[in-house]
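This briefing is intended to be read alongside the sequence and the three-dimensional model. It is arranged by topic.

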Amino acid sequence: MANTSEEILYVYKDKVYLNITNKCPCACTFCIRSKKDAIGDASNLWLNHNPSFEEVKAAIDAFDFNGYNEIIFCGYGEPTNSFDVLVKTAQYIRSKLGIKIRVNTNGLGSLVNGRDISAELCSNVDAVSISLNCSNKEDYLKTVRPKFGIESFDEMLDFAKKCRALTENVALSVVDVIGEDEIEKCQKIAEGLNIPLRVRKYDNSSDN
Ligand code: SF4
């Protein structure tokens, strides 16, 4: 069965989102996917298969971008799990639309793809937002539950560092439910990396 364009592309508030995969190497305790099936104007973000570039392109072509200035790879999965589609889609958006492209990622894309993807990612999008989530590797392992184990936290920080060396448009993010003390510790980590920290309200996005 084909995915519908609503499952691949959806609108939340004033932004357009691309849901290009449901795959993710993590199982965050706060992941919105376990609470509801959709966000924004989407009816269901569970894809019946990983869309091809042609399917994502068709969803973009069918959408009227008038009044929107940003498109975000996010959705019900980790976008770098479909990295080839992400890159091709970003290149297509750049060739067709004058719109800013952001990727919301858990920062584990190099582990997912078995190679350093930071340069390819940063050269094809305008902004990268990376989930920091926790201030230390032990809490990260318990909260994010990455399949790559305890070293995932340091790998995510290394990815953030590499992206920051390539572009100023990198942000780290935490969800506000972690509490003020933890947010403060995360703020220090972000400052040490010269990356701004975005504190997201829980429930305003599926990811990152
Ligand atoms: S919040 Fe994001 S990184 Fe965590 S399990 Fe959900 S999709 Fe994966």
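Helices (H or I, at least four residues) and strands (E, at least two) are DSSP runs, numbered from the N terminus. The model is predicted: local features need pLDDT of at least 70 and side-chain atom pairs count only at pLDDT 80 or more, while totals for chains, interfaces and linings use all residues. Residues are numbered from 1 along each chain as its sequence is written, and side-chain values use heavy atoms, with hydrogens and water left out.

**Arg33**
- Arg33 is found in the loop that lies between strand 2 (15-18) and helix 2 (53-61).
- With a relative accessible area of 18%, Arg33 is buried (under 20%; exposed is over 50%, partly exposed in between; 1.4 Å probe, protein chains only).
- Leaving aside residues up to four places away in sequence, Arg33 touches Asn22, Cys24, Cys26, Trp46, Tyr76 and Gly77 (contact means heavy atoms within 4.5 Å).
- A polar atom of the Arg33 side chain lies 3.0 Å from the backbone oxygen of Tyr76.

**Strand 3 and its neighbours**
- In strand 3 (residues 70-73), Glu70 and Ile72 on one side and Ile71 and Phe73 on the other are all buried.
- Strands 2 and 3 run parallel and are joined by three bridges (two strands pair if DSSP finds at least two bridges between them); Tyr17 stands opposite Ile72.
- Strands 3 and 4 (residues 100-105 for strand 4) also run parallel, with four bridges, and Phe73 has Val103 as its bridge partner.

**Helix 6**
- Arg145, which follows helix 6, has a positive phi, near 50 degrees.

Methods
A polar contact is a pair of N or O atoms within 3.5 Å; within protein, one must be able to donate a hydrogen and the other to accept it, and residues adjacent in sequence count only if both atoms are side-chain atoms.
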